[in-house]
Amino acid sequence: MNYAQIIIPVSLEGTYTYRIPEEMKPILKVGMRVEIEFGRKRHYAGLVRRISNDQYFPDSKPILDILDSHAIVTEQQLNLWEWISEYYMCTLGEVMSAALPNAYRLASETKILKVEDLDYLGLELNQDEFMVLEALDLRRELRIGEVSQILQKKRILKLIKDLNQKGFIKLKEQLEEQEDAVKTRWLKIGKEFTDEPGAINKALIAVQKSEHQSRLLLCYISERKDYGWIKSSDLTRISGSEGTIVKALVKKGIFEELFLEKFKIPDVILNPLELTLSQDQQIAKEELVAGLYQKGIALLKGVTGSGKTQVYLDLINDYILAGKQVLYMVPEIALTTQLVYRIKQYFPEHTLEYHSGLSTRDRLSVWNQCIEGHPLIIGARSSLFLPFKNLGLVIVDEEHDPSYKQNEPAPRYNARDAAMILALEYNAHVILGSATPSLESFQMALSEKIAYVRLDQRYGEGQLPEIKLISLKDAKRKAQLHGNFSEELIEAMKKQMEEGRQIIVFRNRRGYSPLLQCSSCQWESSCHQCDLNLTYHKFHHLLKCHLCGTSMALPSQCPECGKETLRLVGFGTEKIEEELQSIFQDKNIGRFDQESARTKARQIQIMDAFQNKEIDILVGTQMVSKGLDFDHVGLVVIIQADQILHFPDFRAHERGYQLMTQVSGRSGRRNIQGQVIIQSYQTNHPIISDVMNHEYSGMAERELKERQRFHYPPYIKLIRLIIRNPKLQTVESISETLSRRLRLKLGTRVLGPAEPTISKIKGAYARELYIKVERNHLKLNEAKQLIKTNIAQLKKEEGNATRYIIDVDPY
């Protein structure tokens, strides 16, 4: 035990060797963080990957300090890190940065701040702690490297960690999170009014002299028959009361109150629900159990509204009773809140959630509870990196969703595929669930590499929605279009709202209009930094670039010819919202896209408002298609299907089917049959026909035949190389050179270089190459090594101004 291989959170290949001082040898373990000096006196919290004494490194630096009392990452997690690093062609340091919570990633550049109003003079502090707090009195913030200079010591990260844990200082990113945190007030009837039968009458007598207080309390009793927690905002809205009435009841002791962060819900649910499965669900569960024990991985294809979640819950119960941990993954943070609330009704004491919307302290708490064996974690993509103790089951819900793929920055991993590797490490099982499985998963099921289970009927009395197609060509020819809405569609929407149902209108393009054009000289508004037209956002009265964020005011005349002949072309969600408001003036129209729901808190707010029927019509992008469950939606409108299907991507038809089917599935999810109306110019498109007939298998088999014929995934492996440089001539020259060198070994497997769909981003020009490689481990590794070698050689020849992005299995 003389040397340790350390992972450092930087974009450099491999691990780095450090000498273990004698006093640390009995304590140090793999998976602990240590303080090390790297480069020019920069300090990092590195992670111990291996400990060995079989080699001699005379010039190695010593480890400065041990930062943890126990390993914070398991051996299985470290194996997963190495697999991600190797398979997705990134560095271990990049994986470490993605995997660990922010508070674990200390470095010389990390800034610290003193907690406001801290009176440290009366505290028991050692000399170093006192000097740090005194220095923070003089300067508002310090870099950790500056603390090292002040104390004239190298070992300072443990000191910073201790001060942070004691609540004396905060890391700057923690402070920013705290400032952004929005607290939600929850209310519950006081204990003394629920201890015995009839005790609630005492509360009613106590407020009988106040009409407003009585109404609020009666509304609470009506809404929460179990006397459980309710959001204060929900209760005041239902009862029509002011917040002052709530305060008065809290002051009287009638209500208990609890303030939680925006994504948290109260842990205490008095009467956990019992799980009951329908006959179809029970059969599916039995088939899943058999398939999992035979093959380890199973694909559950269940139509929207079939009750896949109920089947998952019953299986989760079995694994928890067997002493195993369960990871339940969802593609979007917005889904976790709705799902956590539902699951806590069955497992109130077992459920934790993990995603980037939690505070640093909460993320650390979940991390530590996970390593101690907490039974059930619900999380987004990042939950894959939690340190499980005894993982038994991973559920990847909506497994087809592109959000499982990380695009920027590295590691560019697919959490669905990585979940299968994680499960192998723990000898655990994996369920992939979707109404519209990815063709990769479906092909594995057809070839019997994984088990395949189907749920083809909606739960209970539910029926799949009736789908109707409206020809935009015919509506336009007959002058029956009002903006982007046909008369037939408007009548159908009126009928649904008269029956008390809600409507979702789907348009997968945000903003008001995607193009400002001059009708005289054909000038178009475009971003000077990106190869992209500026989108007009009417609310802000600005033209914006959706890539780099550049914005400019809407000009009154053409910058090119000076004429006042500018026109807006095309439409996005903002324009649809405006058109609907003019058609249905007495209705509440909401919008759910990246502009209106930029923060996680705002997403929850819009979803809650829609669930509570405060919004009659919700206009949204693909955010509304992601597995959300609303009670009162009677109609889903796909405003123009053509745009979804005509995209330069070999997955366009698969994605189009998935998107339209998923958004259609939001309709009629209870005992009413929902309706879906699709407007399209191309009414004879085969994908539209497949959606209307709920024909997944036919679509999938047709697409798979084409993929096989033209050599595309899942029949080959695809690697995308993107080369970026501020100079067009340089990027063209380098991409041609790289392509030529790769072809010497790989031949026709190399496609390109070519100009990508967006050829300039944030001032850098781009070219791309695609490498198609047989699904053979040896061939794939040879191709990857060849790519790495050639890129390294080009960096030596051309310098570091060019950026090379490697994306394995681009999605």
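Visitor: Which residues does Trp81 touch, not counting residues up to four places away in sequence?

Guide: This is a predicted model, in which local features need pLDDT of at least 70 and side-chain atom pairs count only at pLDDT 80 or more, while totals for chains, interfaces and linings use all residues. Residues are numbered from 1 along each chain as its sequence is written, and side-chain values use heavy atoms, with hydrogens and water left out. Contact means heavy atoms within 4.5 Å, and on that basis Trp81 touches Ile7, Leu47, Val73, Leu92, Val95, Met96, Ala99, Leu100 and Phe385.

Visitor: How many residues has the largest nonpolar core, and which have the most contacts inside it?

Guide: A nonpolar core is a set of buried Ala, Val, Leu, Ile, Met, Phe, Trp, Tyr and Cys residues joined through side-chain atoms within 4.5 Å, where buried means under 20% relative accessible area, exposed over 50%, and partly exposed in between (1.4 Å probe, protein chains only). The largest one here has 74 residues, and Trp81 and Leu742 have the most contacts inside it. Helix α15 (residues 415-426) gives the most to this core, with 8 residues; helices (H or I, at least four residues) and strands (E, at least two) are DSSP runs, numbered from the N terminus.

Visitor: What is the order of the strands in the open sheet?

Guide: Strands of a sheet pair through backbone hydrogen bonds, either parallel or antiparallel, and two strands are taken to pair if DSSP finds at least two bridges between them. In this open sheet of 5 strands, the order is β2-β1-β4-β3-β5 and the pairing is antiparallel. The edge strands, β2 (16-19) and β5 (65-66), each pair on one side only. Strands β1 (residues 3-7) and β4 (residues 42-52) are joined over 5 bridges in the antiparallel sense, and Ile6 has Val48 as its bridge partner in β4.

Visitor: Which residues of helix α10 are buried, and why are they on the same side?

Guide: An α-helix has 3.6 residues a turn, so residues three or four places apart point the same way. In α10 (residues 243-252), the buried residues are Ile245, Val246, Leu249 and Val250. They are on the same side of α10 because they cover an arc of only 140 degrees around the axis, the arc being that of the directions from the helix axis to the C-beta atoms. Thr244, Lys247 and Lys251, on the other side of α10, are exposed. After α10 comes Gly253, whose phi is positive, near 85 degrees.
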